[in-house]
Amino acid sequence: MAYLANPARTKEVINKYHLSAQKKFGQNFLIDSNVLDSIVDAAAITKNDCVLEIGPGIGTLTQYLAEAAGRVLAVEIDRKLIPVLEDTLSEYDNVTVISGDILDQDIKALADKYNEGRPLKIAANLPYYITTPIVMKLLESGVPIDSITVMVQKEVADRMQEREGSREYGALSVAVQYYAEPEVICIAPPSSFIPQPGVDSTVIKLTPYSTKPVVARDEALFFAIVKACFSQRRKTMVNSLSNAQDLGISKELAGEGLEAIGRSRTERGEKLSVKEFAALADYFSCALEQRKP
Ligand code: SAM
């Protein structure tokens with residue numbers, strides 16, 4: 001099977017299988033071989049690697065991954081694409097296609113079954129409608145991951161790298177930077193895809209820290225606090241935190257916590273660094289523990 005990464009081959013497969021790109025699944029198929037090479041090179045994939053691909057589509061990136069990697073696991077939600085993948089990937093005996101939703105997969109079990117529990121590399125042209133839940137699942141899962149090299153909407157890649165004080169800084173920026181070092185690999189214009197998305201795209205590589213620079217003592221509380229603080233950006237943190245009832249943080253305690261980390265009671269979440277969020281979460285964690293009956 002010839003490479004799919006060009007407009008003519010992609011259209012041929014689409015016509016052969018009477019496919020129409022499903023918007024509900026975020027289907028934009030890559031046709032740009034330079035971008036595909038950049039993904040494989042940036043992920044530094046070798047025959048020792050087991051790569052998890054999210055959303056193989058018609059198999060365009062999968063072909064590149066299969067040539068570079070020892071094994072590729074490709075999880076595709078669209079059942080109509082499974083017979084297509086059997087055809088386009090028929091020459092590769094190191095690809096396992098899994099029919100299902102990536103959000104339902106036990107990634108640790110996949111690493112255990114296919115890679116003896118060793119770290120996976122993640123590579124994908126992600127479906128843009130669920131980029132954040134997928135990236136959060138990968139980062140929060142505690143699964144051994146070597147690197148995550150993914151195509152995302154440019155604006156989302158920007159958000160992943162924003163620092164405190166910027167308007168785009170939010171819960172995704174904090175989560176990504178808590179777990180990993182983000183690095184932009186390349187920008188892909190809409191013409192790199194069929195059909196063309198209405199936005200520019202970016203390949204970004206997230207390399208999880210071997211030792212995290214900042215560690216919150218209660219990570220669940222840390223992320224609950226971060227989410228609460230960015231859920232209503234215009235509100236002060238004191239109001240956002242006390243409104244999030246499941247946190248059990250009163251206005252008084254929220255204000256005390258902010259002052260304890262050297263911030264004012266009128267501060268907004270976008271001003272706090274990852275380190276300050278962790279310090280605040282640690283303060284609340286101790287205070288809530290002490291107040292337990
Ligand atoms: N990898 C292909 C390429 O680069 O040409 C297709 C990328 S397309 C942007 C996203 C792919 O993810 C589609 O094949 C879509 O069906 C699949 N997808 C969407 N949601 C998914 C989910 N929750 N789990 C697994 N695959 C999903």
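## Ground rules

The model is predicted, so local features need pLDDT of at least 70 and side-chain atom pairs count only at pLDDT 80 or more, while totals for chains, interfaces and linings use all residues. Residues are numbered from 1 along each chain as its sequence is written, and side-chain values use heavy atoms, with hydrogens and water left out.

## Helix α1

Let's start with α1, residues 7-16. Helices here are DSSP runs of H or I with at least four residues, strands are runs of E with at least two, and both are numbered from the N terminus. Arg-9, Thr-10, Val-13 and Ile-14 are buried in α1; buried means under 20% relative accessible area, exposed means over 50%, and partly exposed is in between (1.4 Å probe, protein chains only). Looking down the axis, those buried residues fall within an arc of 135°, so they line one face of the helix. That arc is taken from the directions running from the helix axis to the C-beta atoms. As a general point, an α-helix has 3.6 residues a turn, so residues three or four places apart point the same way.

The buried residues of α1 pack against β1 (29-30), α4 (81-88) and β8 (193-194), where contact means heavy atoms within 4.5 Å. On the face turned away from the buried side you'll find Ala-8, Asn-15 and Lys-16, which are exposed. Just past the helix, His-18 takes a positive phi of about 50°.

## A buried asparagine

Asn-94 sits in the loop between α4 and β4 (95-99), and is buried at 9% relative accessible area. A polar atom of the Asn-94 side chain lies 2.9 Å from the backbone oxygen of Ala-66. Leaving out residues up to four places away in sequence, Asn-94 touches Lys-47, Ala-66, Ala-69, Gly-70, Arg-71 and Val-72.

## The nonpolar cores

A nonpolar core is a set of buried Ala, Val, Leu, Ile, Met, Phe, Trp, Tyr and Cys residues joined through side-chain atoms within 4.5 Å. The largest has 66 residues, and Phe-222, Ile-225 and Phe-277 are among those touching the most other members. Helix α9 (residues 219-231) gives the largest share, eight residues. Domain 1 (7-208) and domain 2 (219-290) both contribute, so this core lies between them; the domain bounds come from an automatic or database assignment.

A second, separate core of 28 residues includes Ala-5, Val-35, Ala-43 and Ala-188.

## Salt bridges

With a side-chain nitrogen of Lys or Arg within 4 Å of a carboxyl oxygen of Asp or Glu as the rule, the count comes to 15 salt bridges. Glu-252 and Arg-265 make one of them (3.6 Å, N to O). Glu-252 is in helix α11 (residues 251-260) and Arg-265 in the loop between α11 and α12 (274-290), so the pair ties together parts 13 residues apart in sequence.

Glu-155 pairs with Arg-159, their closest N and O atoms 3.7 Å apart; both lie in helix α7 (residues 154-161), four residues apart. Glu-267 bridges to Arg-263 at 3.1 Å between closest N and O atoms; Glu-267 is buried at 14%, whereas Arg-263 is partly exposed at 22%. Finally, Asp-49, Lys-121 and Asp-146 are linked in a salt-bridge network.

How values were computed. A polar contact is a pair of N or O atoms within 3.5 Å; within protein, one must be able to donate a hydrogen and the other to accept it, and residues adjacent in sequence count only if both atoms are side-chain atoms.
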